[in-house]
Amino acid sequence: MKLDLKNMSREEKIQYLEMLEEKERRSKERLGKYRPNEGQVQVHASTKKIRLVVSGNGAGKTTLGVHEAMWAATGFNPISHEHLAVPRRVVVVLDKPDKVQDKWVPEIKKWFDISKWDLRKNGKPYINQMVGPNGSEIRFMFHEQDELSFESIEVDDVLCDEPPPRKIYIALLRGMRNVDRQARVLIIGTPITGSWLRKELYEPWAEGQRPDVDCFRFSTSVNSANLPPDYVEWFGAQLSEKERAIRIEGQFFDLDGLA
């Protein structure tokens with residue numbers, strides 16, 4: 001039924017607005033309240049141009065990434081208290097399109113009210129673009145896409161959920177050249193691939209050679225409060241010693257001859 005606002009009385013319009021406000025309030029109350037774990041909060045607090053997070057499975061990486069993407073798009077990080085110029089173009093790089101519908105959009109809806117966002121498929125079978133009320137854009141891109149897709153865009157924030165191929169990383173760095181923006185990169189993942197990240201970011205950072213980089217490594221146990229009881233111990237018992245080092249502790253896969 002179409003609402004006839006023109007012919008409504010003043011009292012009816014006030015009641016209608018109050019109803020809308022109450023609906024929005026209840027919608028916000030249903031959202032989760034994010035309490036970052038000790039690993040997540042360190043990442044959120046960093047303002048370095050490039051941040052790399054390597055951690056065990058189940059350490060809260062996607063939740064971390066979702067908040068970073070949405071905070072960038074809205075222009076404010078409540079942990080670092082940093083304000084960013086908006087509108088912004090945020091590119092989220094995933095290994096495959098299934099993750100948009102299966103992980104990212106549900107996780108965004110868990111924590112944020114996106115009722116006023118425009119979710120677009122642009123002819124694809126999955127959402128590949130979200131446009132916010134302030135004009136900011138979150139664009140989803142994937143490892144399988146042609147290299148030229150990454151070369152042809154300008155971007156303010158790059159967020160990679162799982163280590164990307166190096167050529168994608170370099171192509172997106174090329175596009176971070178807007179003089180009016182504080183361009184940022186965040187790469188999160190369990191380091192079962194991406195040895196170039198260790199060689200080009202993690203080890204140079206550890207040796208004090210990359211002042212523009214912050215690296216973080218934490219184990220699955222940092223997120224134990226949000227996992228089933230005894231999950232870390234149970235999952236770890238299924239793994240070899242080397243697998244535990246990677247999947248629980250966040251060690252790189254190619255250390256100790258584990259290429």
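Residues are numbered from 1 along each chain as its sequence is written. Because the model is predicted, local features need pLDDT of at least 70 and side-chain atom pairs count only at pLDDT 80 or more, while totals for chains, interfaces and linings use all residues, and side-chain values use heavy atoms, with hydrogens and water left out.

The protein averages a pLDDT of 87, and 89% of the residues score at least 70, where pLDDT is the predictor's confidence in each residue, from 0 to 100. That confidence is lowest in helix H1 (residues 10-29), with a mean of 64, and highest in strand E6 (residues 129-131), at 98. The secondary structure comes to 9 helices and 10 strands, which are DSSP runs numbered from the N terminus (helices being H or I of at least four residues, strands E of at least two). Of the 259 residues, 46% count as buried; buried means under 20% relative accessible area, exposed means over 50%, and partly exposed lies in between, with a 1.4 Å probe and protein chains only. Among contacts (heavy atoms within 4.5 Å) between residues at least 6 apart in sequence, 66% join residues at least 24 apart.

An α-helix has 3.6 residues a turn, so residues three or four places apart point the same way. At the start of H2, a side-chain oxygen of Asn 37 comes to within 3.0 Å of the backbone nitrogen of Gly 39.

The largest nonpolar core has 34 residues, of which Val 92, Trp 104, Ile 138 and Phe 140 touch the most other members; a nonpolar core is a set of buried Ala, Val, Leu, Ile, Met, Phe, Trp, Tyr and Cys residues joined through side-chain atoms within 4.5 Å. H3, strand E4 (89-94), H4, E7, E9 and E10 each supply at least two residues of this core, and the largest share, 7 residues, comes from H3. A second, separate core of 26 residues includes Val 93, Ala 171, Trp 196 and Leu 197. Leaving aside its neighbours within four places in sequence, Val 92 is in contact with Ala 69, Trp 104, Ile 138, Arg 139, Phe 140, Met 141 and Leu 159.

The structure also holds 9 aromatic pairs, meaning rings of Phe, Tyr and Trp (its six-membered ring) whose centres lie within 6.5 Å, with planes under 30 degrees apart counted as stacked, over 60 as edge-to-face and the rest as tilted. Trp 104 and Phe 140 form an edge-to-face pair, 6.1 Å centre to centre with 70° between the planes. Trp 104 lies in helix H4 (residues 98-111) and Phe 140 in strand E7 (residues 137-142), so this pair ties together parts that are 36 residues apart in sequence. Both Trp 104 and Phe 140 are buried. The rings of Tyr 231 and Phe 235, by contrast, have their centres 5.7 Å apart and their planes at 10°, so that pair is stacked. Tyr 231 and Phe 235 are 4 residues apart in helix H8 (residues 231-237), and are therefore separated by about one helical turn. Tyr 231 counts as partly exposed, at 24% relative accessibility, whereas Phe 235 counts as buried, at 16%.

Asn 57, in the loop between E1 and H3, is buried with a relative accessible area of 19%, and beyond its neighbours within four places in sequence it is in contact with Thr 190, Thr 220, Phe 235 and Arg 247. Asp 230, in the loop between E10 and H8, has a positive phi of about 65° although it is not a glycine, and counts as exposed at 57% relative accessibility. Finally, a cis peptide bond, with omega about 0°, joins Val 86 and Pro 87, and Pro 87 is placed in the loop between strand E3 (82-83) and E4.

How values were computed. A polar contact is a pair of N or O atoms within 3.5 Å; within protein, one must be able to donate a hydrogen and the other to accept it, and residues adjacent in sequence count only if both atoms are side-chain atoms.
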